[in-house]
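I opened a new notebook page for this structure. These entries keep to what I looked up, in the order I looked it up.

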Amino acid sequence: MDTQNPSAPPRAQSAPADKPARSRHHTGGVIHENTRHTTRFTVIGNHLTQHKELSLLAIGLGCHLQSLPTGAPADIKSLTARFKEGATRIAAALRELETHGYLRRERVRTATGRIITRTISCNQPGHRREPADTGCPTPPRTAHRPEPRPRKALPAVPQPTQATALALHQQATDLLTGLRRQDPRLLLSTTDTAHLAPGVAAWLEREATPTAVRHALTTDLPDEPLRRPAALLAHRLTAQLPPPPPYRTPATPPPVRHALRTCDTCDRAFRAPDTETHCRDCRTAAATAHA
């Protein structure tokens, strides 16, 4: 009888046709032992992890940035404190990611007027769309800043007559420029000063003294900050414009006093227009002689 050898190895079983057996002598390449993640994971595309132009540091940094929650610091100082590669290498890796579209840095103005740099990590370069729901809060959108309104024109001011406008212009400009010494809020721009100067000249033309004009413009100002001091001054120049001075009858001009000249006949001095060459006595004697 044939007896079974208990120490002989069992006959190898043939593998099914749809599942070929692996070679026992296979040693090359990576072998994955994967476990499905259910929490705290990030989906990262192979276009980043297997990028042919990015450095290993840039790929790793790109994966780290995509795993961060919204609002986490991503500036060079924070990344240098987190990793040991140093600021120079981290900055170079950030530039690589920015060049290939995985990172975008934008300078934005906050509601308080401060300029900040916002870092945007892009998991798919070239696609600007809403991020997928990854369990992280959605980054807030930057509020749209309305276009600045055009500056409202200043109210009109009184105008002096052309005869006195040029003579009083410099005096009016100096008066307006000096208002800031009495109240720093009345610091006027060159444009505002040029607009208000004719109004001040109109006051001076009406015989208001510079002290009176200055008092009218600076007395009883509101306590709160002045948003548009030039508009307030323009209103006061118009609303408080003094009346013209009373009419005065023009004074009779003094008689003409001619210069002294010497008579051509008697050499006596006399006063007469340039057309007269003889004194009155000589003219009378000449007229009598010809009669």
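**Entry 1: the chain as a whole**

I noted before anything else that this is a predicted model. I counted the secondary structure and found 10 helices and four strands. Reading from the N terminus, I wrote the order down as α-α-α-α-β-β-α-α-α-α-α-β-β-α.

I then looked up burial. Of the 291 residues in the chain, 23% are buried. The accessible surface comes to about 23,200 Å², and carbon and sulfur atoms hold 54% of that surface. I also checked how far apart in sequence the contacting residues lie. Among contacts with a separation of 6 or more, 53% join residues 24 or more positions apart.

**Entry 2**

I turned to helix pairs, keeping one point in mind: two packed helices are described by the angle between their axes and the distance between the axes.

The axes of α2 and α4, the latter being residues 87–99, come within 9 Å of each other and cross at roughly 75 degrees. An angle from 65 to 115 degrees counts as roughly perpendicular, and α2 is therefore roughly perpendicular to α4. I listed the residues that make this contact: Leu 57, Ala 58, Leu 61, Gly 62 and Leu 65 come from α2, and Arg 89, Ile 90, Ala 93, Leu 94, Glu 96 and Leu 97 come from α4.

I stayed on α2 for one more residue, His 64, which sits in this helix. Is His 64 buried or exposed? I found a relative accessible area of 17%. Buried means under 20%, so His 64 is buried. Leaving out residues up to four places away in sequence, His 64 touches Leu 79, Arg 82 and Phe 83.

I moved back to the loop between α1 (46–49) and α2 (56–67), where I found His 51. Which residues does His 51 touch, not counting those up to four places away in sequence? I wrote down Asn 46, Ile 59, His 100 and Tyr 102. His 100 is 49 residues from His 51 in sequence, and the two C-alpha atoms are 9.9 Å apart in space.

**Entry 2: α5 and α7**

I next looked up α5 (residues 162–177) against α7 (residues 190–205). Their axes are 7 Å apart and the packing angle is about 115 degrees. These two helices are therefore roughly perpendicular to each other. I noted the crossing as right-handed.

I checked one more residue in α7, Thr 191. Thr 191 is exposed, with a relative accessible area of 59%. Its C-alpha atom is 9.8 Å from that of Ala 230, a residue 39 places away along the chain.

Which residues of α8 (residues 210–218) are buried? I found Val 213, Ala 216, Leu 217 and Thr 218. The cover over these buried residues includes α5, α6 (179–182), α7 and α9 (229–239).

The axes of α8 and α9 come within 9 Å and cross at roughly 125 degrees. Ala 216, Leu 217 and Thr 218 of α8 make the contact with Leu 233, Arg 236 and Leu 237 of α9. The two helices are therefore oblique to each other, and the crossing is right-handed.

Most residues other than glycine have a negative phi.

Glu 207, in the loop between α7 and α8, has a positive phi near 65 degrees. Asp 220, in the loop between α8 and α9, has a positive phi of about 60 degrees although it is not a glycine. I looked up the exposure of Asp 220 as well: with a relative accessible area of 70%, this residue is exposed.

Notes: Residues numbered from 1 in each chain as written. Predicted model: local features only at pLDDT ≥ 70, side-chain atom pairs only at ≥ 80, totals over all residues. Heavy atoms only, no water. Buried < 20%, exposed > 50% of the residue type's maximum accessible area, 1.4 Å probe, protein only. Contact = heavy atoms within 4.5 Å. Areas by Shrake-Rupley, 256 points an atom, 1.4 Å probe, with all protein chains shown as cover. Axes fitted to C-alpha atoms, helices over the stretch in contact; angles between N-to-C directions. Parallel < 35°, antiparallel > 145°, perpendicular 65-115°, else oblique. Left-handed = near helix turned anticlockwise from the far one by under 90°.
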